Amino acid sequence: MNNSEGRTFMGHPRGLLTLSMTEFWERFSYYGMRAILIYYMYYSVEKGGLGFDQPTALSIMSIYGSLVYLSSTIGGFISDRLLGSRRTVFWGGVLIMLGHIVLSIPIGSIGLFGSIVLIVLGTGLLKPNVSEMVGSLYPEEDLRRDSGFSIFVMGINFGSLIAPIFVPWMADKVNFHAGFSLAAIGMFIGLIFYVVDGRKYINPTDNVAPDPLKSEDVRPLVLRVVGAVVIVGVILAVMAGFKALTIANVITLITVVAIGLPVWYFILMIRSKKVTKTERSRVIAYIPLFLAAMIFWAIEEQGSVVLALFAAQQTKLDFGFFKILPGNFQTLNPLFILLYGPLFAWLWMKLGKRQPTSPKKFYLGLIFAGASYLWMVIPVMLFGSSAKVSPLWLVMSWAIVEIGEMLISPVGLSVTTKLAPKAYSSQMMSMWFLADASAQAVNAQIVRFYTPSHEVAYFAIVGLVSVAFAIILAFYTPRIEKLMQGVN
């Protein structure tokens, strides 16, 4: 029997608190690391950095984010076919902790790339399955679901809020590696909480794989994995033979994979015999929502890349009586989510069945995302790219884009669990994170165009693309709602 029966948290299943606190510490570790990583890569060796050139650092930062979410497909498969969500999340947390420990050791680029491998794999195991477990707390028609995901997103953002305050401070007062060590400690605390509290309040169904791997499936799986490894090895060998094995070309290769993988996944689910006719219709309805999410995350995720560079180089930080660290701006994302979260959670509960459908929330979110970048055109046009502008310009940009996030992120998590075919429950949640992976893979290519001479065009074009797709999505919303087969 589930020990959480009868226990509630803010009117929701008690397990919501368990999973929110696990993600709280995972986000503390991840966003603490991200708050200083871009600076660690391009700062000179004399300043404690690695001395990479800025375009390379920007691309690595973006493709790192892409790999983190790209690996969610591995986590979804392992959960669905092998371990179940609960154990998959645990081992993911262990790998994340080890990744931050490696990064906290001063061993140069070896530590950077080693930590990337560990954190990428660990986050892929942990992140999609925690979110899927939240969905499993609610019956399919439970109207508390959207509100629950809003609380979940709001709760985990406390970790994202605190980390960019303490980690950059530690990096500034001691060194980058001391800052990274705080991220490792955060993930360790999260693991302890998950193991102890999870025994009581996690849904028992999350202890087992919903579609366990059969004996006859093992050999084909091993052949596919070995085949994939061989193909990657051959590609890298060919690149090395032509003296093309560079960071830029590897990033381009990952970009192609990150864009191609969700295409393959959609084809797989649509053609699967395990998917019913109704489920297939819902998967098709999910495609335009996936594309909308891609565009949104492409803008939102540049907060730790493009806007982080803007904060360090074009923003006034020293006010005499106090000084802002560039990494501190990464608190703005979770800060506005925490401010907006209660309002949106209350709004969806208040409206009930009268609230806008998920596609309508998505296109409204895209409009706000585009507006946040169009806003950044103004200070560059007024003052030029060499002037130091007020930090309030960045504050307002984040304030605008986070309205979009509240319309897309928790709603996207919720609608993904509702549109997911039963046989692909965790893997469908992986699709939600693949939208972010694809977005950041695209970012890895376009952020190279972010230079002082192209700033106005960069912000304007990216912002207008988002608004244009919002208009297209609004036009097709009635058709999408019909394909969703009764899911709101």
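Student: What is the mean pLDDT of the protein chain?

Tutor: pLDDT is the predictor's confidence in each residue, from 0 to 100. Where it is low, the predicted coordinates should not be read in detail. Here the chain mean is 89, and 98% of residues reach 70 or more.

Student: How many salt bridges does a search of the whole structure find?

Tutor: A salt bridge is a side-chain nitrogen of Lys or Arg within 4 Å of a carboxyl oxygen of Asp or Glu. The search finds four. One of them joins Lys 127 to Glu 23, with the closest N and O atoms 3.0 Å apart. Lys 127 is in helix 5 (residues 109-135) and Glu 23 in helix 1 (residues 15-42), 104 residues apart.

Student: Is Lys 127 buried or exposed?

Tutor: Buried means under 20% relative accessible area, exposed over 50%, and partly exposed in between (1.4 Å probe, protein chains only). Lys 127 is at 8%, so it counts as buried. Glu 23 is buried too, at 0%.

Student: Which residue forms a salt bridge with Arg 34?

Tutor: Glu 301 does, with the closest N and O atoms 3.1 Å apart. Arg 34 lies in helix 1 and Glu 301 in the loop between helix 10 (277-300) and helix 11 (306-313), so the pair ties together parts 267 residues apart in sequence. Both Arg 34 and Glu 301 are buried. Glu 26 and Arg 27 also meet in a salt bridge, at 2.6 Å from N to O.

Student: How many aromatic pairs are there?

Tutor: Rings of Phe, Tyr and Trp (its six-membered ring) pair if their centres lie within 6.5 Å; planes under 30 degrees apart count as stacked, over 60 as edge-to-face and the rest as tilted. The count is 27. Phe 24 and Trp 25 are edge-to-face, 4.8 Å between centres and 80° between planes. Phe 344 and Trp 348 are tilted, at 5.8 Å and 55°. Those two sit four residues apart in helix 12 (residues 332-351), so about one helical turn separates them.

Student: Which residue lies over the face of Trp 348?

Tutor: A charge sits over a ring if NZ of Lys or CZ of Arg is within 6 Å of the ring centre and within 35 degrees of the ring normal. Lys 361 lies over Trp 348, 3.9 Å from the ring centre. Likewise, the charged end of Lys 47 sits over the ring of Tyr 43, at 5.8 Å. Tyr 43 also belongs to a cluster linked by ring pairs, with Tyr 39, Tyr 40, Tyr 42, Phe 176 and Phe 180.

Student: Where does Met 10 lie?

Tutor: Met 10 is in the loop between strand 1 (8-9) and strand 2 (12-13). Its relative accessible area is 57%, so Met 10 is exposed.

Technical notes: Residues numbered from 1 in each chain as written. Heavy atoms only, no water.
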